[in-house]
Amino acid sequence: MRQQLISSFADIAPGPAERDRPVVTLFSGGLDSSFLLYRLKEAGLTNVHAVHVDLGATDETDLAVVADRLCAQLHVIDGRREFADDYVRPAVAAQAVYLGTHPISSSLSRPLIAKLAMEVATDLDAWGVLHSANRSQNTLRRLNGALSLLGFTGRFGSPYEHDPTGREAKSRALEEIGLVHLSKRLTSIDANLWCREFESGALDDPEGHTVPEHLYHWSTRSAGIADETVEIGFSQGVPVSLNGTRMPLPDLVGNLNRQAGTHGIGRYSGLEHLPGGQKVLEVREMPAASLLLGSYRHLETATLDAELIREKMHLEQLWVREALEGRWFGHLRGASQSFIDFCATHVTGTVRWLLAPGMATTESITADRPLYLRNREDWERESQNNAVPPGRPA
């Protein structure tokens, strides 16, 4: 069956067969997704299901209020463990940093959100899955790409793609029906356990984008905090412990966000490309990512041959490209993941960091099967004793 892409509100004008049949929308609780529910209600759709996937760091507390006001049935799905284990873990091993500027985030969350929303749509026999990405957001191709590669047979897409509506117009419409708390949302915020990301509004212009301090929640340095150490443990490429205590990955990331963030660590800004080559600014805070990615690379260099690491580094940007372009479920990302996972089997050990205002430096890199020397002079003497003297046959 040919997949039918939705790109405007005209594409979802309900006919008799669709007005009362289920339709699924992705619902973050923010301005764009709330306004989409408003438009669907105004269009007369009576069986709207708003799917919210909890990925561990939502800023929304009024999901039920908004969904109820807009006559949508709310579905909240806990995706935290799956997100951490199946998306964040591979990203750490792949050193998933976009062109050396910032760790990727929505490239990881969007395929999972699409997968879980599709499962709800399939269970409901829904005619479509709608989302609220705009043309200037890379989320558009990531959600559409995931649904396409997953083989969703219904209709899907964002009506905002060819019917853009400004944030002020959306705010006014929602304020008129009593959703006043959404009327001030002039900056777009996307949050999960791995990242808090800001874009749009005052952050549109790369040539002048001072970030209001109130937007930061994780990386605000606490006054008077003393320097401290944190030790991160890995087993076969998987982060498994913090300061000697084993814990599930979602808890480890959350604890590390708090500990590193109080020192002001983990702020990033960078430009990402749109499909046509234009660039848009994104600002984010990711304290845990900063230390987990750094720790992994240190242990990797401690345990893998340099030539193997060089080849892996070629594949890392290929992996990032496939995730970024919405091809998470494609064969090329999967094949590169296999190589990366093979390398990860050697990455076991700990890295201890000293955290200070705005910075982190290593104090210890300890690998289970190290290639590093611990005493250069001893090695030089031993290697010299075992060396064949010049001119003597080996």
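**Briefing on a predicted single-chain model**

Buried residues, meaning those under 20% relative accessible area with a 1.4 Å probe and protein chains only, make up 52% of the 394 residues in the chain. This is a predicted model, in which local features need pLDDT of at least 70 and side-chain atom pairs count only at pLDDT 80 or more, whereas totals for chains, interfaces and linings use all residues. Residues are numbered from 1 along each chain as its sequence is written, and side-chain values use heavy atoms, with hydrogens and water left out.

**Overall build**

- The chain has twelve helices and 17 strands, taken as DSSP runs (H or I of at least four residues for helices, E of at least two for strands) and numbered from the N terminus.
- Along the principal axes, the C-alpha atoms fill a box of roughly 90 × 55 × 40 Å.
- Among contacts (heavy atoms within 4.5 Å) between residues at least 6 apart in sequence, 75% join residues at least 24 apart.

- Helix H9, residues 287-303, reaches 25 Å from its first C-alpha to its last, close to the 24 Å expected for its 17 residues at 1.5 Å a residue, where the expected span is 1.5 Å times one less than the number of residues.
- Because 14 of the 17 residues of H9 are buried, this helix is largely enclosed by the rest of the structure.
- Five strands form an open antiparallel sheet in the order S13-S12-S11-S16-S17, pairing being assigned if DSSP finds at least two bridges between two strands.
- The edge strands, each pairing on one side only, are S13 (245-246) and S17 (359-367).
- Strand S12 (residues 238-242) pairs with S13 over two bridges in the antiparallel sense, and Ser241 stands opposite Arg246 in S13.

**Second largest pocket**

- On a 1 Å grid over the protein atoms alone, a pocket is an open set of points with protein on both sides within 12 Å along at least five of seven lines, a cavity is a set where a 1.4 Å probe fits but cannot get out, and lining residues have an atom within 4 Å of a point.
- The second largest pocket has a volume of about 350 Å³, and of its 20 lining residues the closest to its centre are Asn134, Ser136, Gln137, Ser200 and Asp204.
- Helix H7 (167-176) and strand S15 (279-285) are the elements that give two or more residues to this lining.

**Largest cavity**

- The largest cavity has a volume of about 30 Å³, a volume being the space filled by probe spheres set on grid points joined across faces, edges and corners.
- Its lining consists of Leu37, Leu40, Lys41, Leu45, Val48, Leu70, Cys71 and Ala72, with the largest share, three residues, coming from helix H2 (residues 31-42).

Methods:
Buried < 20%, exposed > 50% of the residue type's maximum accessible area, 1.4 Å probe, protein only.
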